[in-house]
Amino acid sequence: MVGAVNDARLLARALADPGSVVGLDAAGWTALLAMARAEQLIGTLALRVDGLPMPDAAKAILADARAAAEHGRRAALWEAEMARRALAAIGCQPVLLKGTAFVAAGLSAGQGRSIGDLDILVPRAAIDAVEAALLAAGWEWVKPDPYDDAYYRRWMHELPPLIHRERDRMIDVHHTILPLTTRVTPDAGALIDDSVALESGLRTLSPNGMLVHAAAHLFADGDLAGGLRNLWDIRCLIDEFGTDGLDAEAQRHGLSREMTRSLRLVDTLFGDRKASGTDRLYIRRITARDGWGRPIRPVTRLAFYVRSHWLRMPPAMLARHLWTKWRKS
Amino acid sequence: MKHAFSVRIGPVGFRIGSDWRAPIAALETLYRDYPQPHDGIPDFTVRLFARRPWRRFIRPSVEIGGDYMLPEAAPLPLRQGLLAAEMAMNLQMALGARRYLLLHASAVERDGRALLMTGISGAGKSTLATLLAAKGWRFMGDEFALLDPATGLIHAFPRLISLKNDAIAAAEAAWPDARMGPLLPATPKGDIRHMVPDARAIALMDMPATPALLLFPRYGFEAETRPVPPAEAFVRMTQASTNYVALGEAGFRALTGLIADVPSVAVDYPDGASAIDQVEALWSAL
């Protein structure tokens with residue numbers, strides 16, 4: 001029963017099976033809302049459970065979350081339009097990534113989704129021209145540190161983050177979907193070639209490209225922070241587009257392992273598949289959130305944090321990087 | 001969390017969890033006459049916690065967290081735990097509130113109409129509100145006035161009144177019977193003492209009021225009042241609202257509506273007594 005769940009599986013279940021919230025008591029609602037806020041899924045939750053019977057207080061909080069998500073959607077689309085205009089001058093059509101792509105294409109993964117920075121993908125050959133065009137249009141550097149700047153330019157899959165001086169919004173300009181130091185090398189050119197034009201003059205990745213990118217982001221790059229939201233994206237994309245040709249696409253980018261793991265974890269978290277082997281550890285990390293919205297399981301979290309750096313850099317480089325960072329701090 | 005407390009202030013429910021008993025005990029005492037969150041479901045969660053386990057005991061240091069957090073928020077010593085709780089609750093409002101346009105203003109009410117006073121820290125928002133409340137106005141809040149975009153009404157948010165430095169003595173003189181929290185000397189904001197709003201403020205906190213007058217008080221000047229042009233009042237209020245940008249179009253409509261409907265007046269005052277006279281004169285001229 002609901003009372004036995006003391007981690008973010010409560011939230012996963014509410015997303016997958018909205019009817020499960022109907023029996024919640026005040027404490028259950030309080031825990032669910034705190035988790036949803038902490039995992040940046042409250043807008044998504046609000047849309048999933050809309051119309052179900054629930055206490056008025058929960059209804060009011062979720063109505064606020066829906067309004068906030070709608071405002072966030074408008075702001076994200078406006079930011080994308082600003083980037084489109086800035087890059088039109090150099091003949092570059094940016095490919096939108098992640099949340100902005102989902103709302104721009106009107107996908108279910110975008111419904112209620114919180115959107116932070118604007119993420120775009122451009123051809124690596126165009127990166128200098130893109131940077132110049134954005135700077136000319138009012139974006140500025142966020143990180144003035146020369147080491148960080150040099151690190152980004154040499155090793156990362158994106159420019160150092162830029163922020164717009166008037167709108168105070170960040171843009172991440174990617175030229176591929178994983179850091180160059182990662183052992184896997186996705187084919188960014190193919191992702192761009194297969195991208196889909198929207199009526200607005202912007203582009204998104206193909207559905208399978210979006211799925212591969214989500215899996216890459218989740219399992220080959222970060223420390224699984226925001227993992228629940230990422231897996232929810234994947235579940236929505238699969239629901240909407242199916243998995244035809246997904247194996248071949250994942251294989252082309254060297255991300256088969258990550259993609260199949262994503263699909264298994266989606267079935268576990270949002271379905272009734274039983275986790276086995278290392279999947280159990282991933283579930284443990286992804287659901288490490290309690291009813292106060294607190295991060296829990298520090299050892300598991302640390303292990304995945306270490307893993308993220310291990311994946312991102314060869315050992316000697318990692319040592320040099322941590323040494324430099326430590327000296328500067 | 002180990003220790004927990006829930007309360008409703010105006011329309012907003014809070015749940016405060018703490019690694020220590022002391023801040024919760026202080027909140028229980030000072031908020032004892034306040035109701036519980038609607039349906040037992042708080043709008044916001046606040047967490048007071050130790051960054052490292054041993055920090056619960058050795059030089060205990062209170063980190064401020066919750067649904068919404070500022071990465072650079074500095075921890076406070078445990079003896080200022082009550083201040084940490086109040087700051088954390090304000091932070092949830094400032095960063096998370098979406099139902100109302102938050103105006104950084106104190107508010108008092110008379111005959112169903114609200115008087116709003118805004119200004120930077122030290123302008124006298126809290127002091128003037130407590131002095132006016134002692135003269136028969138209903139106290140609605142000293143930090144945030146909640147403007148409902150749907151109705152244009154002001155909702156009360158009568159949290160504990162945060163008195164700083166000289167304002168402590170002034171408020172104690174005006175409200176000799178008020179219940180007070182402990183004196184917190186040498187906080188990052190100076191000496192602080194929390195005062196419980198009077199019984200009427202708590203009893204009527206669910207009653208909104210129609211805004212009638214917007215004042216921009218300034219302490220330490222010759223007594224003078226002058227109208228503030230609408231464009232200036234609008235811009236100053238966008239800066240005095242923490243969620244104006246986050247509310248988007250709804251925030252713009254709410255604020256332009258307020259400025260269009262309500263006269264804005266700058267009030268320079270040398271002391272509390274003059275300020276009361278100036279405010280009463282402006283009010284009766286409405």
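Reader: Let's start with A:Arg264: which residues does it touch, not counting those up to four places away in sequence?
Author: Touching here means contact, with C-beta atoms, placed from the backbone, within 7 Å. Leaving out residues up to four places away in sequence, A:Arg264 touches A:Arg273 and A:Asp279.

Reader: Before we go on, what pLDDT do side-chain atom pairs need to count?
Author: Residues are numbered from 1 along each chain as its sequence is written, while chains are lettered from A and ligands numbered from 1 in the order in which they are written. This is a predicted model, in which totals for chains, interfaces and linings use all residues, local features need pLDDT of at least 70, and side-chain atom pairs count only at pLDDT 80 or more.

Reader: How far is A:Arg264 from A:Arg297 in space, C-alpha to C-alpha?
Author: In sequence, A:Arg264 and A:Arg297 are 33 residues apart. In space, C-alpha to C-alpha, the separation is 22 Å.

Reader: How many charged residues are in the contact of H13(A) with H14(A)?
Author: H13 (279-286) and H14 (298-312) of chain A pack at about 110°, axes 9 Å apart, which makes them roughly perpendicular. A:Leu281, A:Arg284 and A:Arg285 of H13(A) meet A:Thr300, A:Arg301 and A:Phe304 of H14(A). Classes run like this: Ala, Val, Leu, Ile, Met, Phe, Trp, Tyr, Cys and Pro are nonpolar, Asp, Glu, Lys and Arg charged, and the others, Gly among them, polar. Here two residues are nonpolar, one is polar, and the charged ones number three.

Reader: Which strands are at the edges of the seven-stranded sheet in chain A?
Author: The sheet is open with mixed pairing, in the order S3-S4-S5-S2-S1-S7-S6; strands pair if DSSP finds at least two bridges between them. An edge strand pairs on one side only, and here those are S3 (139-141) and S6 (196-197) of chain A.

Reader: Which residue in S2(A) is the bridge partner of A:Val95?
Author: S1 (95-96) and S2 (118-121) of chain A run antiparallel and are joined by two bridges. For A:Val95, the partner in S2(A) is A:Leu121.

Reader: Which element gives the most to the side of chain B that touches chain A?
Author: The contact involves 17 residues of chain B and 19 of chain A. On chain B's side, S2 (12-18) and S3 (44-49) are the elements that give two or more residues. With three residues, the one giving the most is S2(B).

Reader: In S3(B), what is the bridge partner of B:Ser18?
Author: S2(B) and S3(B) run parallel, joined by five bridges. B:Ser18 has as its partner in S3(B) B:Leu48.

Reader: How far apart are the C-alpha centres of domain 1 and domain 2 of chain B?
Author: The domain assignment of chain B gives domain 1 as 3-96 and domain 2 as 101-284; such bounds come from an automatic or database assignment. Between their C-alpha centres lie 24 Å.

Reader: Which helix gives the largest share of domain 1's side of that contact?
Author: Domain 1 of chain B puts 16 residues into the contact and domain 2 of chain B puts in 21. On domain 1's side, H1 (22-30) and H2 (81-96) of chain B are the elements giving two or more residues. The largest share, seven residues, comes from H2(B).

Technical notes: Two residues are in contact if their C-beta atoms, placed from the backbone, lie within 7 Å. Axes are lines fitted to C-alpha atoms, for helices over the stretch in contact, and angles run from 0 to 180 degrees between N-to-C directions. Helices (H or I, at least four residues) and strands (E, at least two) are DSSP runs, numbered from the N terminus. Angles under 35 degrees count as roughly parallel, over 145 as roughly antiparallel, 65 to 115 as roughly perpendicular and the rest as oblique.
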